[in-house]
Protein chains: 2
Amino acid sequence: MRHRLKDVAERAGVSVKTVSNVVNGYVHVRPDTRARVEEAIAELNYRPNLSARHLRKGRTGVIALAVPELDIPYFAELARHVVTAAADFGWTVLIDQTGGGREQERVVASGITDHLIDGLIFSPLALTAEDLASLDGTPMVLLGERIDHGPADRVVIDNVGAAREITSHLIGLGRRRIAAVGSQRTDEGASARLRLAGYADALRAAGLGYDETLVAPAPAWHRADGAAAMRGLLTSGVRPDAVFCFNDTLALGALRALHEAGLRVPEDVAVVGFDDIEDGRFSIPTLSTVAPDKAQIARLAVELLADRLDGDRAAPARELSASYRLEFRESTQTP
Amino acid sequence: MRHRLKDVAERAGVSVKTVSNVVNGYVHVRPDTRARVEEAIAELNYRPNLSARHLRKGRTGVIALAVPELDIPYFAELARHVVTAAADFGWTVLIDQTGGGREQERVVASGITDHLIDGLIFSPLALTAEDLASLDGTPMVLLGERIDHGPADRVVIDNVGAAREITSHLIGLGRRRIAAVGSQRTDEGASARLRLAGYADALRAAGLGYDETLVAPAPAWHRADGAAAMRGLLTSGVRPDAVFCFNDTLALGALRALHEAGLRVPEDVAVVGFDDIEDGRFSIPTLSTVAPDKAQIARLAVELLADRLDGDRAAPARELSASYRLEFRESTQTP
DNA sequence: CACCGTTTGTACAACGTTGTAGGCAACGTT
DNA sequence: AACGTTGCCTACAACGTTGTACAAACGGTG
């Protein structure tokens, strides 16, 4: 049922290698020979065996994308863009969920590189630079801030700047008691730390004090965590007039908690998020947010990987920055 | 940097095959020999080359999951469950987006099977039984209703029954003018047809007429389509007191449109969806819905695939049914 | 002690592909 | 006419692994 080069060769009356040459677009094949071979390929519906090709060439045409969880909308949207960007290079993307734990991430980062893939785009939560250094040489591009001075290429966005800008926007609306939701003290919370820093920067620049009681931690960044953190803030008696949630799912949870508490958004409390996931465009109210250019992130990551694969694998690691913009929607604007 | 069986063999002072036997857990290896080999493996950090192994054995340990779009929450959640279920079989999952078009789906279904994967779990929108029959023999499990009597194993849920039940629930609440959002006349709309049938069944059983003007089509099933369809219904002058949306994202869009029109949910209009995506548990109001057991769907699909891989590939196609339950939340209940 | 079956290990070939080396025409140049 | 050059194609080996066949060592039995 499944045919090999040999079958095509026999049918076309040429050598196996000539068929291989046709398949690979080698120049010196007579037009009529080429035509005969192509006809045979079509008749047999021949497709190259990628494993054999890989074994011989050392390339599979498959790259992996490893993210903590697929059903976190941000990662799902990112995955979509990576698949699209990779297609431009003729690559297939193998998507892996790490779950976000350090051990799991280490397993993925080392295990997945068992010769099946050419390279890896990795969005780590817990992996350390140390873990990373112990991996053998599968080219890798990191997304996000977790690993500070690792040996790998990275695509980042300016978390501090974005957080500062969106917080300043809230201040510009006249809000003075601005809460932050999503802080994390663990090592996993690199993005949390940076966004918190940007938040604090903006308060300081506006002459507003940084009030510890307005900062709510969240163990993970799901809707439920956002709702719980918001409820915690409200029952603790602090009365914020605005909330900066460190991502959109937290913000959606916070909206929910505010709704349950009978508070109006944005009249009583303005809410902003981070990531610009699609839900935020249809939530009630729609959600103001920082919109990282996910397509650009994906494209830069794929391009970095391509450069690394084709170029010098020992070249120094590069870091590229993706852009973002602010989206102002109902949760910060009176209709 | 990367070592082969041969390197391990030299270090341990045995033949290549003996190392292979140790790696594969072959029984008849003397304990001290095994220990020596394992030590050498550890020292060299040896990992088998999966391409070579595949070439020899005909198995890769990779299965593919093909879905229309990854950033549709239902598919993202499903993907997560499939990855988890596959891990129990030691499989890695390669996730592919088809985009949902017939041609693209055909490309994925045939192209992806280029020797890289052992099997495919496929959630088709547009592919026909005819397309499917033309594929060579990569084992495949289909999800959903699209292909009626195809040659492949399938996992389905009882769309008609579920739609009937949720509609009956609305009727039980005293609603009489119940709209349906998401109908599709194209071939892609198999699920839409079945859910519409269940909706009509329930109306008929309750002695309510089927009113064409209460049925709104939706080209795709995104939030934006739900919002547009709902706006269309409202501006056309029909005044439903309940809406059955054929999936949750449509329902979230509909909630948005109702909100913009100043209608209260559930007081003025009750809303139900289908899929039980996480968003629906945090939306305002929270969304009543049909909750298919996604974990079960994923598990059944993986098991069917495993059976097919290990067993008789020519055995007749099987069809398994996954269960569902109804979730009643705020969008159909007054607080 | 000869015999036999089991245990433990080895050598070789094969999976399907492509890189290398080289052969044979046909051509233009001296 | 002899020569190198070019175009086109073929034969062979190799990528790293495992199945098959078989050899050597071992233990128990008659």
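Through which surface do the copies, chain A and chain B, meet? They meet through the same surface, because 100% of the interface residues of chain B are also interface residues in chain A.

Before you start clicking: this is a predicted model, in which local features need pLDDT of at least 70 and side-chain atom pairs count only at pLDDT 80 or more, while totals for chains, interfaces and linings use all residues. Residues are numbered from 1 along each chain as its sequence is written, and chains are lettered from A and ligands numbered from 1 in the order in which they are written.

**Stop one: both chains.** Superpose chain B on chain A: a rotation of 180° with 0.0 Å of shift along its axis does it, with an RMSD of 0.2 Å (least squares on C-alpha atoms of residues with pLDDT of at least 70 in both). The two copies are thus related as by a two-fold rotation axis. To find that axis, select Leu94(B), whose C-alpha comes closest to it of the residues of chain B, at 2.1 Å.

**Stop two: the contact.** Select 40 residues from chain B and 40 residues from chain A; residues are in contact if their C-beta atoms, placed from the backbone, lie within 7 Å. On the chain B side, α5(B) gives the most, with six residues. By class, this side has 18 nonpolar, ten polar and twelve charged residues (Ala, Val, Leu, Ile, Met, Phe, Trp, Tyr, Cys and Pro are nonpolar; Asp, Glu, Lys and Arg charged; the others, Gly among them, polar).

**Stop three: the DNA.** Now show DNA strand C, surrounded by 24 residues, the closest being Leu5(A), Ser20(A), Ser15(B), Thr18(B) and Thr33(B); near means a C-beta atom, placed from the backbone, within 6 Å. The largest share of this surface, five residues, comes from α4(A). Helices here are DSSP runs (H or I, at least four residues), as are strands (E, at least two), numbered from the N terminus.

**Stop four: the sheet of chain B.** Colour the open sheet of six strands, ordered β2-β1-β3-β4-β5-β11 with parallel pairing; strands pair if DSSP finds at least two bridges between them. The edge strands are β2 and β11 (319-322) of chain B. Four bridges join β5(B), residues 153-157, to β11(B), and Ile157(B) stands opposite Ala322(B).

Finish with helix α12 (residues 294-310) of chain B, which lies across β1, β3, β4, β5 and β11 of chain B, at about 165° to β5(B) (axes are lines fitted to C-alpha atoms, for helices over the stretch in contact, and angles run from 0 to 180 degrees between N-to-C directions).

Methods. Contact = placed C-beta atoms within 7 Å.
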